[in-house]
Amino acid sequence: MTNTSQPQGNTLTLEQAFEHGVNLYQHQKKEEAREVFEQILQKAPNAVPALQVLAVLDVEQGCWQEALRKLDAALDIEPGEGSLLFDKAQVLAQQGMNKDALEIVDSLLAVAPEHQELLAMRQQLTAAIGNVGESRRTAKYHANVRSKTANAIDAEVGETLTLAEQMLASGNKEQAKQLYQAVVSVAGEQPKALLGLAKLQLGEENFALARQTLRRAFDAEQSDTEFFILLSHSEIKLGEYKAARDVCRQGLKHWPDNALLCRLLVQSYEKESNWLEAYRVALESIRLHSQDADLRYRLATASFNLLRSRHNFTATAILDCQKHIEQAAAIASDENKQRLSLYLAEIFWYKGEALASKQLLEAHMSRFPDDIEAGFNACFVYRTLEEWDNYYRTNELGLACGRRLRYQGALPQWNLDRPKDDIVLVMPEQGVGDEILYFHNLRLVLDNCKKVYVACDPRLEPILSRAFPEAFIVPIKRIDHQDIDVPKEVMDNITSWVAGGSLAAMCYQQFGRHVYQAGYVNVNADVKITWQNCLDAIRSENPNKPLIGLCWRSGLAAATRNMHYLIADEVAHLVKQFPDALFINLQYGDCTKELNKIEKLSGVRVVQLNGLDLRDDFEGTAAVIDGLDAVITAGTAVHRMTTAVGTPCHVFFAGKEDSDFSAPQALYCDNEFGYFYPPMMENKYPLIEAMAAHIKARF
């Protein structure tokens, strides 16, 4: 037959047409469905299913007599068919013909005395005709049937669940899954069956389906702890961390001492790298579960990452972190103990205990020689210990693990053994201060190849173009955690590449020093004159006073209190050591409050140069530094720019526990002096006074 709802030419069988009509009905296309069923009757007048469905459609439209006519026609074809009689009884009842309906229901109950829908209808019909006693008796009998049926189902469910658990225990997961699904199909939202099913789905890493299964039976007030635990676990696996926390907290209201819920709550913050909340929740949980190895490990991890991410390198924070790591290691698994040893190695390095740090790292590397991350971490310790061969060797591991720069290229890496006709790309890495340092060695490349492209921070382009006119400068704005995007025309032209930080190793191996060229910055003449005039005006107002540039911390606001930097109180003590000097501010970023505090504590105003953009105008900054008598700075980009310009630079660093700040070290470049001090030194005033004495002696 032809189905008018389908494209013409598609001939369907009666069975296919009926299925199509049902599908239309289910999708609420009832007029189209009626048309299909009527066409079926035209082809097959005795098609009882079509008559029955059309009767239902008639009832929905309130056409009661039409519905009864169709049902009677169907019963003439199939006399005594139960579903037709049941439908007719329902239509009669809706028309108020209760006695006629009751007669049909009683005839059906004679065949199926425990049919629950028939019993429910009989109870309603007997009540409607006023036979209250019969209605009550029917209701009581119906309740007994329901109870007996429920008990039978419960018994069957219990047996099936037991069998499913046995299947699961014997490794027959698919059979167990089928049994759980059978229980759900028979008994509905059966919690034990859904829980078993969800566990299997979790085992298959089908976390979305497991969450859906658990949600079907989850009740925040009634569910067992397993529901809370597995649901939270599923939410975490799906990246729904807030939802996971909501479930954990609901569970902890019922079971406040449940360690697993505490772990999951901490984990939800760990996954977001929200180390502050992870630390807070872990610390709170430890009060209840002091010997829980997992919570101890998570507390140590949160403490360690909080220290690093906030640059909160104070003695108190470092010692607190060390305590958490050591407490966790005492009860940790072997795997976690090994990871904690790496945390501890870094903490020892922060504290200046470089030899202890080296011992832990080398022990780890001997066990796990392929752990290049740990190998790269060791380079910082080797640098502190001035073990240069080891430093440069392990520093190269930073390329392999992506810590120094994110770049994957098929071309070879350049070195001094490469052909002289190479066309080389020098890649930027890490921060802008690091780039300034690396370019002390750029001449090494220029002198040993045909052509050089230099990728750099766009702010450095003017300086590098003038310092190295034969190089092709490629400004690249880098984005954290993304690969470096080098222009295609550059990549198509080069024959090799080299990371900027690798040039120092070549210089050291070839010449026994760390930089190939000391000062290399040639300040733009016009910019130099502009800022020289500004500084000359200041000098004229302050005759015979040396001008000292001052930078005391990085640009990170979170790093204000940091063992590597000075705080405002310490800077005030520093400027008071130079009553015959004038300080010029080189501290980039917003430092107005600090400058006001320094002036209040010392009575000395650090001069702010109007119009100088210390964060983005590197050419102007270089011109100002070029006109100063000296610069005192933390280990920041200001330090690197000062040495590249050639102005005397006095830089303070946290070193080793036995560092002697009273004996400044000559560093890589001319007029570059390093003042190393024990990192855990709380009182930096002696350091400041030693620095001041040495600087004033040079004046």
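Helices here are DSSP runs of H or I with at least four residues, strands are runs of E with at least two, and both are numbered from the N terminus. At 8% relative accessibility, Thr301 counts as buried. Buried means under 20% relative accessible area, exposed means over 50%, and partly exposed lies in between, with a 1.4 Å probe and protein chains only. Leaving out residues up to four places away in sequence, Thr301 touches Trp275 and Tyr343. Contact means heavy atoms within 4.5 Å.

A word on the source. This is a predicted model, in which local features need pLDDT of at least 70 and side-chain atom pairs count only at pLDDT 80 or more, while totals for chains, interfaces and linings use all residues. Residues are numbered from 1 along each chain as its sequence is written, and side-chain values use heavy atoms, with hydrogens and water left out.

Now the whole chain. It has 33 helices and 10 strands. The C-alpha trace spans about 120 × 65 × 55 Å along its principal axes. The radius of gyration is 41 Å, whereas a compact globule of 699 residues would have one near 27 Å. That radius is taken over C-alpha atoms, and the globule rule is 2.2 Å times the number of residues to the power 0.38. Of the 699 residues, 48% count as buried.

The chain is divided into domain 1 (14–130), domain 2 (177–401), domain 3 (423–511) and domain 4 (525–697). These bounds come from an automatic or database domain assignment. The C-alpha centres of domain 1 and domain 2 lie 62 Å apart.

A second residue is Phe376, in helix 20, residues 372–384. Phe376 counts as buried, at 3% relative accessibility. Which residues is Phe376 in contact with, leaving aside neighbours within four places in sequence? They are Thr394, Asn395, Leu397, Gly398, Cys401, Arg403 and Arg404. Phe376 and Leu399 are 23 residues apart in sequence and 9.0 Å apart in space, C-alpha to C-alpha.

Strand 2 pairs with strand 1 (residues 423–427) in the parallel sense over four bridges. Two strands pair if DSSP finds at least two bridges between them. Ile423 has Lys451 in strand 2 as its bridge partner. Strand 2 is also joined to strand 3 (residues 472–475) by four bridges, and these two run parallel. Here the bridge partner of Tyr453 is Phe472 in strand 3. From strand 2 the chain crosses through helix 25 (residues 461–467) to strand 3, in a right-handed β-α-β crossover. Right-handed means that, with the strands pointing away from the viewer, the path from the first strand over the helix to the second runs clockwise.

Six strands form an open sheet with mixed pairing, in the order 6-5-7-8-10-9. Which strands stand at the edges? They are strand 6 (582–585) and strand 9 (665–666); each has a single partner strand, so one side of each is left without a neighbour in the sheet. Strand 9 is joined by two bridges to strand 10 (residues 672–677), and the two run antiparallel. Ala666 stands opposite Phe673 in strand 10.
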